[in-house]
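Dear colleague,

Please find the structure below, handed over for your records. My findings follow directly after it.

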Amino acid sequence: MSRRSSKKAEVKAAAPEKEREEGRSFISRPVFVLLSLAAVAFLIYSMVSIIGIQAQIRERRAELDQLEEQITVQEIKNDEMQKLYDSTGSDFSALVEQIARDDLDYIREGERVFVNVTGE
């Protein structure tokens, strides 16, 4: 029996040598589990980061759309002001008079203004 047990010992000792000879790298199970957990943790971190960045991109795009809308409104106002500046004659003077009456509460010389004090 000693011959048989020595033969088993030789087979067990030869097994790692065969794996090394075949070119396989032998990684212990705890190291493999640890590397797998590290890879999964990295993937989860990457996904969370990507989702956060995409949320920031959506916010910035909404902000950009709002600013572009404000720019469009301001360009329309600028065009209207340019038309008023370029216009001459009665159109411009009528507009100035309307602004003076409505916004600044001005009146013409000799004009009477009646104010309704009842609030109706």
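In this predicted model, the side chains of Glu-97 and Arg-108 meet in a salt bridge, with 3.0 Å from N to O. The term salt bridge is used here for a side-chain nitrogen of Lys or Arg within 4 Å of a carboxyl oxygen of Asp or Glu. This pair links distant parts of the chain: Glu-97 lies in helix H3 and Arg-108 in the segment after H3, 11 residues apart. In general terms, side chains of opposite charge can pair when their charged atoms come close.

Glu-97 also takes part in a salt bridge with Arg-101, at 3.3 Å from N to O. Both of these residues belong to helix H3 (residues 90–102) and are four residues apart, about one turn of the helix. Arg-101 in turn forms a salt bridge with Glu-111, at 2.9 Å from N to O. That pair, too, links distant parts of the chain, with Arg-101 in helix H3 and Glu-111 in the segment after H3, 10 residues apart. By the rule stated above, the count comes to three salt bridges, and Glu-97, Arg-101, Arg-108 and Glu-111 are linked in a network of them.

As to accessibility, residues are classed by relative accessible area: buried means under 20%, exposed over 50%, and partly exposed in between (1.4 Å probe, protein chains only). Arg-101 counts as partly exposed because its relative accessibility is 30%. Glu-97 has a relative accessible area of 30% and is therefore partly exposed. Glu-111, with a relative accessible area of 32%, is likewise partly exposed.

Two further residues of helix H3 deserve mention, namely Leu-95 and Val-96. Leu-95 is partly exposed because its relative accessibility is 25%. Leu-95 and Leu-84 are 11 residues apart in sequence and 8.7 Å apart in space, C-alpha to C-alpha. Val-96 has a relative accessibility of 41% and so counts as partly exposed. Between Val-96 and Leu-84 there are 9.9 Å in space, C-alpha to C-alpha, and the two are 12 residues apart in sequence.

Turning to the fold, the protein has three helices and zero strands, and follows the pattern α-α-α along the sequence. Helices (H or I, at least four residues) and strands (E, at least two) are DSSP runs, numbered from the N terminus.

Buried residues make up 1% of the 120 residues in the protein. The protein exposes about 12,000 Å², of which carbon and sulfur atoms supply 59%; accessible areas come from the Shrake-Rupley method with a 1.4 Å probe, and for residues only the protein chains shown count as cover. Ile-27, Val-31, Phe-32, Val-33, Leu-35 and Leu-37 make a nonpolar surface patch of about 560 Å². Phe-32 is placed in helix H2. Patches are made of residues with over 30% relative accessible area and no salt bridge, with like charges joined within 9 Å and nonpolar side chains (Val, Leu, Ile, Met, Phe, Trp, Tyr) within 5 Å.

On confidence, the protein averages a pLDDT (the predictor's confidence in each residue, from 0 to 100) of 80, and 74% of the residues score at least 70. Where pLDDT is low, the predicted coordinates should not be read in detail.

Residues are numbered from 1 along each chain as its sequence is written, and side-chain values use heavy atoms, with hydrogens and water left out. As this is a predicted model, local features need pLDDT of at least 70 and side-chain atom pairs count only at pLDDT 80 or more, while totals for chains, interfaces and linings use all residues.
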